[in-house]
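Me: I would like a close look at one residue and its setting, followed by an account of how the surrounding parts are packed. Please give the cut-offs as you go.

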Amino acid sequence: MAGTGQESGAAENAGFEDLSDSEFPDFSELGDIEELGSSLGNPRKEVDPQGPWKWKQEADAPTPMERFHLRCLWVSDLSTQSWCEQQMVYGKELPGFQSAEKAAVLDAGSSAHLARELELHDLVNIHTSTKEDAWAVKLLNVLTMVPILQSGGTIREFPVFGEIEGVFLVGVIDELHYTSKGELELVELKTRKRAMMPVEAQKEKDRFQVSLYKCIFDAMVRGQVTSASLVHHMKLSPEVLLGPQVHSHAQQGGFTVKSFRDLLELTFLSLNLSDLPVIDALKIEYSHQETDTVLGMEMVVFEEKQVRDKLRHHLGYWTGLREPQGVDVKEAWKCRMCDYAAICEWRQSGGMRTLSQEQRAKKMTK
C-alpha cells in the first residue's frame, strides 16, 4: 500500500491523512463521572475568556467550511462533533491547544493502527508535490484493494470518499473482510488508555462514525460517487500529469496511466464494474493500548434514517445554518476533561447562545 510523502503545503487540502482517521482521545479516565450530570468542576487551563479566540459570527460571515478553507469534511470531524460540537470547533480554531496527555493517546492509537496495517502489507512512501498526486496515491490504493476484496481477502486502511447530503466526505476504513456467513463486515479499531470499555456517550460517537463509513462505501460500490464530484469539490485538475514517483508506482502495479484523468477513469471504472456488495455488518473492537488486549466487541445496528438525520444536523453548522452548540446539561460532565473549558462560550452562557436553523437562515438572507 502506498503512502504520501508530501512537500510542506504543496498538497494542501488533499483530503486524507496518511493514517486512519479513526482514533480519538480516550475519555476512560472519567470513570463513573457520567452519573454526575451538570457538575462541571474547575477549568483545567487558565485562559482569558475574552481572548482572541472567542467565537464571533456576523450575519454576512462566511460559512465554517469557507472560514476554515475546507473543501471536504472528514468522518473523524463529524464523529468528534457528535461528542461535543463546540469542542470540535475550538479544535479547528486553536490547533496545537490540545493537552500533551491527549496528544499521547492519539499517537499511541495511530501506532496501533499502523502495526495492524503492516500485518497485511508493507507501506511504500511516495513523494507527492501536488494535490492531484496526493489523491492519485489514494486512488491507486483503491485500485489495489478492490481485487483483494473481490477475491474474498481482507483489506485495511481503505479510503472512502463521496458526496453525501451535498457535502463531500472522506475517511479511511480500518478493515473490511468477509465473515463465515459470507457477509462483508467493517471492523473499526479503538484503542483505550485504560483497560475498560468506554462510556455510552463515546460508544454512540463510535457508532455514528462506522455508520458514516458504511454510507460512503455503499455509495461508492453502487456507482453513486462520480469522478466529476471529486474533481469539483476538491478543485482538482484532471489534465495534470502524474508525478515521477506516482507514475512509477502505478506502472509497478500494472496500471497504464499518465495523467490524473487516466487514473480517475480507471478507478471509477473499477468501482462501477466490481461486484462488491454493500457492507452487511459493522463491528467496533476496543483494545487496551499498553497490552493490546481486546476489551470487548460491539456490533452496530445500522439505522439509515437516524444516521442521515444526525448528519444533516451536523452539516447545518458547517453550511452556516446555525452556530455551534455545546453539550446538554445532562452531559456537562464532559467539560471536566475538555481542554477548552476555560474559554468555552457555550459553557459560560449556560447553553443559551445558539440561534435556531431558521433564525440563522433569515439572518444570512438579509
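Where is the place of Asp292?

Reply: Asp292 lies in the loop between strand S7 (281–288) and strand S8 (294–300), where helices (H or I, at least four residues) and strands (E, at least two) are DSSP runs numbered from the N terminus. The model is a predicted one, in which local features need pLDDT of at least 70 and side-chain atom pairs count only at pLDDT 80 or more, while totals for chains, interfaces and linings use all residues. Residues are numbered from 1 along each chain as its sequence is written, and side-chain values use heavy atoms, with hydrogens and water left out.

Most residues other than glycine have a negative phi. Asp292, however, is not a glycine and has a positive phi of about 60°. Asp292 counts as exposed because its relative accessibility is 60%; exposed means over 50% relative accessible area, buried under 20%, and partly exposed in between, with a 1.4 Å probe and protein chains only.

A positive phi is also found at Lys235, where the value is near 55°. Lys235 follows helix H7 and sits in the loop between H7 (227–234) and helix H8 (244–252). With 48% relative accessibility, Lys235 counts as partly exposed. The buried residues of H7 itself are Ser229, Leu230, Val231, His233 and Met234, and their cover includes helix H5 (131–150), strand S4 (155–164), strand S5 and helix H9 (260–273).

Turning to the chain as a whole, there are 12 helices and 8 strands, and 52% of the 366 residues count as buried. Contact here means heavy atoms within 4.5 Å. Among the contacts with a separation of 6 or more, 77% join residues 24 or more positions apart.

Leaving aside neighbours within four places in sequence, Phe217 is in contact with Leu149, Phe158, Val160, Ile173, Leu176, Leu184, Pro277 and Ile279.

Ile216 belongs to helix H6 and counts as buried because its relative accessibility is 0%. The C-alpha atoms of Ile216 and Gly162 are separated by 6.0 Å, although the two residues are 54 residues apart along the chain. With neighbours within four places set aside, the contacts of Ile216 are Val75, Val160, Phe161, Gly162, Ile164 and Leu169.

Val75 is also one of the buried residues of helix H2, a helix with 8 of its 9 residues buried. The cover of those buried residues includes strand S2 (73–74), helix H3 (85–93), S5 (167–178), H6 (200–221) and helix H10. The axes of H2 (75–83) and H10 (304–318) come within 11 Å and cross at roughly 95°, which makes H2 roughly perpendicular to H10. Axes are lines fitted to C-alpha atoms, for helices over the stretch in contact, and angles run from 0 to 180 degrees between N-to-C directions; under 35 degrees counts as roughly parallel, over 145 as roughly antiparallel, 65 to 115 as roughly perpendicular and the rest as oblique. Leu78, Gln81 and Ser82 in H2 meet Lys310, Leu311, His314, Leu315, Tyr317 and Trp318 in H10.
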